[in-house]
Amino acid sequence: MSPLAPRDPWERLAALTPARVALGRAGAGLPTRELLRFELAHAQARDAVEQPLDVASLRAELAAAGLPVLHAASRAADRRVYLQRPDLGRRLDAASARELAAPGGTAGFDLAIVVADGLSALAVQRHAAPAVAALLPLLAGLRIAPLVLATQARVALADEVGALLGARLALILLGERPGLSSPDSLGAYLTYAPRVGRRDAERNCVSNIRPAGLPPDRAARKLAWLIREALGRELTGVRLHDESDLALLP
């Protein structure tokens, strides 16, 4: 008598990837085990999108890296508005803009770093502080602005932050859209000469920063290379290719 859920002939591939391959079948459907795993992953992804950022605890962790930490908010008043109106997440609210503009935008910083909740506060809560702690020692000699912790933020928010702080380069670390195998993936986006209206083609991205993907210490080395190259070449985006791994070759 054949089993209710016969083994998939490609089952050995499942050990090589977290992707959903070789799930098997039970009759015309999935085995109960795989169906439950899928529903759990889907629930974890939804929770990651909706979970609020614990600003106080993260601010304390980031302050331990040695930089002053400022708080900012986008024009999206709450999570519902943030999800429905991506454009509002790309701009600072009036109070945050006034606070960041206080230095006058003439401080002459090389780099402004923004840490933001994005679409997964879980990713930021877990991995942003380790990534920042690993990155800062690699940036010796650069003038770094006070770190900005932003809520209800999209990638482009860093353009306005960097411009107001007078930074040559803006880096934002924020939670990426959760996948069914990675609800806690952190992304990093780097933009030279930040200003409102920059396009995605003018940025460099390092994605999937998490222990099960690109660990924070390795991500920090990539980002440090990109930051120094961006400042030296005065550009980011499609014209700046990540060649950081070539430095490891003899």
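**Salt bridges**

Reply: D87 and R85 form a salt bridge, and their closest N and O atoms are 2.7 Å apart. Please keep in mind throughout that this model is predicted.

Me: What can side chains of opposite charge do when their charged atoms come close?

Reply: In general, side chains of opposite charge can pair when their charged atoms come close. In the case already named, D87 is partly exposed, with a relative accessible area of 35%. R85 is also partly exposed, at 39%. Salt bridges that share partners join R33, E34 and R37 into one network.

Me: How far apart are N and O in the salt bridge of E34 and R33?

Reply: The side chains of E34 and R33 meet with an N to O distance of 3.6 Å. E34 counts as buried because its relative accessible area is 8%, under the 20% cut-off. R33 counts as exposed because its relative accessible area is 57%, over the 50% cut-off.

Me: Are E202 and R198 buried or exposed?

Reply: E202 is buried, and R198 is buried too. Their side chains meet in a salt bridge, at 2.7 Å from N to O. The count of salt bridges comes to 17.

**The overall fold**

Me: How many helices and strands does the protein chain have?

Reply: The secondary structure comes to seven helices and six strands. Read from the N terminus, the order of elements is α-α-β-α-α-β-α-β-α-β-β-β-α. The C-alpha trace spans about 80 × 50 × 35 Å along its principal axes. Of the 250 residues in the protein chain, 46% count as buried.

**The largest pocket**

Me: Which residues lie nearest the centre of the largest pocket?

Reply: They are L119, R154, V155, L174 and Y189, from a lining of 14 residues. Sorted by class, that lining has seven nonpolar residues, one polar residue and six charged residues.

Me: Which residues make the nonpolar surface patch?

Reply: W10, L13, L16 and V21 make this patch, which has an area of about 410 Å². V21 is found in the segment before α1, a helix of residues 32–50. V21 counts as partly exposed because its relative accessibility is 31%.

**Backbone angles**

Me: Where is E234, and what is its phi?

Reply: E234 lies in the segment after α7, the helix of residues 216–233. Its phi is positive, at about 60°, and E234 is not a glycine.

**Distance along the chain and in space**

Me: How should I read the separation of G29 and P211?

Reply: Two values are to be read together, one for sequence and one for space. G29 and P211 are 182 residues apart in sequence, and their C-alpha atoms are 33 Å apart in space. G29 is in the segment before α1. With a relative accessibility of 32%, G29 counts as partly exposed.

Me: What separates the C-alpha atoms of L173 and C205?

Reply: These C-alpha atoms are separated by 9.9 Å, while the two residues are 32 residues apart along the chain. L173 belongs to strand β4, residues 167–175. L173 counts as buried because its relative accessibility is 1%.

Me: What are the corresponding values for R218 and R199?

Reply: R218 and R199 are 19 residues apart along the chain, and their C-alpha atoms are separated by 26 Å. R218 is placed in helix α7. At 44% relative accessibility, R218 counts as partly exposed.

Definitions and conventions: Residues are numbered from 1 along each chain as its sequence is written. This is a predicted model: local features need pLDDT of at least 70, side-chain atom pairs count only at pLDDT 80 or more; totals for chains, interfaces and linings use all residues. Side-chain values use heavy atoms; hydrogens and water are left out. Patches are made of residues with over 30% relative accessible area and no salt bridge: like charges are joined within 9 Å, nonpolar side chains (Val, Leu, Ile, Met, Phe, Trp, Tyr) within 5 Å. Accessible areas come from the Shrake-Rupley method with a 1.4 Å probe; for residues, only the protein chains shown count as cover. A salt bridge is a side-chain nitrogen of Lys or Arg within 4 Å of a carboxyl oxygen of Asp or Glu. Helices (H or I, at least four residues) and strands (E, at least two) are DSSP runs, numbered from the N terminus. Buried means under 20% relative accessible area, exposed over 50%, partly exposed in between (1.4 Å probe, protein chains only). On a 1 Å grid over the protein atoms alone, a cavity is a set of points where a 1.4 Å probe fits but cannot get out, and a pocket is an open set with protein on both sides within 12 Å along at least five of seven lines; lining residues have an atom within 4 Å of a point. Ala, Val, Leu, Ile, Met, Phe, Trp, Tyr, Cys and Pro count as nonpolar, Asp, Glu, Lys and Arg as charged, and the others, Gly among them, as polar.
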